[in-house]
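Subject: Structure for you to look at

Hello,

Here is the structure I said I would pass on. Please open it beside this message and follow along.

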There are 2 protein chains.
Amino acid sequence: MSNRISAPSAHDVARIAGVSQAAVSRAFTPGASIAKATREKVFRAAESLGYRPNLIARSLIKGESGIVGVVIGNPMSPTSMSALDALSALLSAAGKHILVFTADGSSAVDVHVEDLLRYRVDAVLLLTTIVSTTLAERCQAEGVPIISFNRPPRGSKFFASVTGDNRGGAKCTAEHLLQQGYRRFGLIAGYSESSTSRDRESGFTSFLVSQGLPQPEREVGHYKREGALLAARKLLARKPRPDALFCANDHMALAAIDVARYEFGLEIGRDVGIAGFDNIDEASWPGYELTTYSLPVETMIEKVVAMLLTRTPRKSPGHTTVEGHFIPRNSTRRTRK
Amino acid sequence: MSNRISAPSAHDVARIAGVSQAAVSRAFTPGASIAKATREKVFRAAESLGYRPNLIARSLIKGESGIVGVVIGNPMSPTSMSALDALSALLSAAGKHILVFTADGSSAVDVHVEDLLRYRVDAVLLLTTIVSTTLAERCQAEGVPIISFNRPPRGSKFFASVTGDNRGGAKCTAEHLLQQGYRRFGLIAGYSESSTSRDRESGFTSFLVSQGLPQPEREVGHYKREGALLAARKLLARKPRPDALFCANDHMALAAIDVARYEFGLEIGRDVGIAGFDNIDEASWPGYELTTYSLPVETMIEKVVAMLLTRTPRKSPGHTTVEGHFIPRNSTRRTRK
DNA sequence: GTGAAAGCGCTAACAT
DNA sequence: ATGTTAGCGCTTTCAC
């Protein structure tokens with residue numbers, strides 16, 4: 001009476017099938033040279049035992065694990081969520097898997113990437129997080145590509161990136177607001193340190209300035225609802241009151257709408273225009289009808305996956321910017337339609 | 001000029017440090033018997049090479065990977081998202097990692113779990129998905145515990161589960177609605193097949209029936225906004241119109257509110273009471289003020305992790321139900337307060 | 001086409 | 001406390 005609680009090994013299968021252990025390996029290796037009959041025998045034996053090759057052992061030999069490491073900022077934004085969804089679908093189609101870490105603090109990212117490296121992941125994807133240059137260098141040295149999603153390189157050439165056109169989207173929004181007749185602008189930034197926020201901010205501001213308008217009033221909302229509520233209150237309390245608010249993401253824009261409507265009694269669009277960024281689901285709900293800019297997350301992830309699978313040239317990783325499209329809605333229309 | 005692109009091995013470190021390879025292993029093994037001086041030497045050598053033990057090799061020997069497999073339903077709900085966040089934090093504190101799969105279709109789950117097994121994961125967590133009994137048996141046979149989150153066992157004793165008190169929450173809601181004076185009830189279910197939805201539904205319905213009221217009118221919303229919009233339209237168009245709607249989750253309840261308010265011109269609370277389940281962020285927004293039942297996701301995940309880490313008794317896996325708390329808001333009050 | 005044998009990088013006896 | 005020796009389960013020469 002054997003007490004093994006472990007899975008059957010290639011040896012077990014070999015014994016039952018009456019072949020060598022190597023033959024079992026070959027039976028499960030796609031283009032290996034093995035007779036059809038042998039393979040059948042092996043498969044039958046494997047079936048009866050419920051055997052499947054141990055991927056850990058394979059990884060050890062091949063030096064690669066079939067695993068892609070993903071580090072996600074915490075809390076997960078809707079954007080990183082859909083990115084993860086898309087990524088999982090594409091990668092599992094390619095037979096790869098995802099090891100996920102959520103980076104609570106900002107400094108934790110490096111630690112996570114170190115761990116990832118120890119699993120010999122085939123690549124590292126950073127969603128809404130960045131990693132130290134030192135570590136990026138080490139990944140590079142070990143041949144593990146790093147791809148950064150929505151965080152363009154800060155002068156480092158050790159990782160590739162796929163980024164949405166944050167500047168362009170913000171500029172579209174500024175143009176639109178101007179054309180709708182809004183003139184006194186307020187801005188709710190994400191984090192001052194976040195490049196995404198900075199790009200959205202500068203795309204917006206620099207267009208306005210180029211048109212001869214003053215810098216918009218600015219508050220920081222930290223990408224969170226609470227922060228945005230405070231920021232919106234401050235901005236809308238100023239005299240003269242801004243007649244349009246641009247928020248670095250939709251989440252904050254929805255908060256701003258709630259403040260404008262329920263605390264200041266303003267009618268959205270007519271009294272104050274409010275625009276966001278990302279086109280999350282709620283933006284299209286009838287209570288909000290939020291003007292926003294939509295980044296094609298799926299397309300972006302497709303690019304990421306293409307980079308991952310081709311093990312993109314290590315010498316000079318590429319940086320891609322993907323355009324989205326502007327979606328005007330009633331939250332920035334003087335008169336509803 | 002060496003061309004290795006691979007990470008340094010324990011052997012490399014041993015040579016530099018002038019010790020045996022086993023000593024290197026011991027230096028990195030927490031309570032191993034090794035002299036302080038030797039460990040120092042090893043660490044210095046390791047540092048200079050950027051060496052960290054290869055977890056793949058370790059997993060191969062130990063027969064366990066330090067990886068927990070998670071299968072998430074697609075699209076990810078806010079609940080599974082926060083569950084994932086919490087899980088990641090707790091597990092990484094315990095030195096474990098998460099291999100994530102998103103199950104697009106429903107039948108894909110088995111395939112994913114098979115893959116997980118091949119990585120010799122230490123446990124499998126099912127978020128909003130279920131697995132075939134056959135596979136559950138195999139996991140059991142291989143000593144890999146399966147824990148199901150928010151999906152109680154359908155008669156199978158091959159996996160453990162941690163579930164929110166769906167029946168209890170729904171019953172609370174029914175009591176509250178009745179006490180608020182609502183009398184003609186409508187119900188928007190999730191999926192008919194989903195046990196979560198069935199429990200919420202039956203908890204609600206059976207309380208009403210026990211009070212001598214008729215079965216509520218019922219539509220299915222598939223847990224999605226689109227489905228809920230249709231369902232709400234149908235229910236609110238009936239004569240006599242229901243004066244209260246209970247939805248199997250908040251997401252659908254928000255959709256129902258939008259329909260009632262913007263399509264039927266009803267005042268929420270006064271003309272029609274609407275309640276949901278889950279207490280997602282949006283439920284507390286001023287545009288909704290949705291009455292709902294909050295499940296303590298973090299606590300639930302803590303239980304899950306406890307089960308995972310103690311490698312819960314395999315013979316008869318436990319099933320835990322966790323209570324939440326009822327949150328009455330204005331969406332079910334005849335007169336606002 | 002197939003088996004024997006040598007590792008992948010590490011841990012765990014077993015000696016010393 | 002440390003080195004030596006076997007493997008973990010697989011892939012991959014290398015003979016045949």
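Below are some notes on what was found in it.

This is a predicted model, in which local features need pLDDT of at least 70 and side-chain atom pairs count only at pLDDT 80 or more, while totals for chains, interfaces and linings use all residues. Residues are numbered from 1 along each chain as its sequence is written, and chains are lettered from A and ligands numbered from 1 in the order in which they are written.

The contact between the chains

The contact takes 44 residues from chain A and 44 residues from chain B; two residues are in contact if their C-beta atoms, placed from the backbone, lie within 7 Å. On the chain B side, at least two residues each come from helix 4 (55–62), helix 5 (78–93), strand 2 (97–103), helix 6 (108–118) and helix 11 (250–263). Helices (H or I, at least four residues) and strands (E, at least two) are DSSP runs, numbered from the N terminus. Strand 2 of chain B gives the most to this side, with six residues. The residues of the chain B side divide into 20 nonpolar, 13 polar and eleven charged. Here Ala, Val, Leu, Ile, Met, Phe, Trp, Tyr, Cys and Pro count as nonpolar, Asp, Glu, Lys and Arg as charged, and the others, Gly among them, as polar.

Strand 2 of chain A runs antiparallel to strand 2 of chain B, and three bridges join them; two strands pair if DSSP finds at least two bridges between them. Within strand 2 of chain B, I98(B) stands opposite V100(A).

Inside chain A

In helix 6 of chain A, the buried residues are V109(A), H112(A), V113(A), D115(A), L116(A) and L117(A). A residue is buried if 20 or more other C-beta atoms, placed from the backbone, lie within 10 Å of its own. The buried residues of helix 6 pack against strand 1 (67–73), strand 2, strand 3 (123–127) and helix 7 (133–141) of chain A, together with strand 2 of chain B. Just after helix 6 of chain A, R120(A) takes a positive phi of about 55°.

In strand 3 of chain A, five of its five residues are buried. A123(A), L125(A) and L127(A) lie on one side, and V124(A) and L126(A) on the other. In a regular strand the side chains alternate between the two faces of the sheet. Strand 3 of chain A pairs with strand 1 of chain A in the parallel sense over five bridges, and I72(A) stands opposite L127(A). Four bridges join strand 3 to strand 4 (residues 146–149) of chain A, also parallel, and L126(A) stands opposite S148(A).

How do helix 5 and helix 12 (residues 297–309) of chain A pack? Their axes are 9 Å apart, at an angle of about 50°. Axes are lines fitted to C-alpha atoms, for helices over the stretch in contact, and angles run from 0 to 180 degrees between N-to-C directions.

A sheet in chain B

Four strands of chain B form an open sheet in the order 7-6-8-9, with parallel pairing. The edge strands are strand 7 (217–220) and strand 9 (273–275) of chain B, each pairing on one side only.

Regards

How values were computed: A residue is buried if 20 or more other C-beta atoms lie within 10 Å of its own, exposed if 12 or fewer, and partly exposed in between; C-beta atoms are placed from the backbone.
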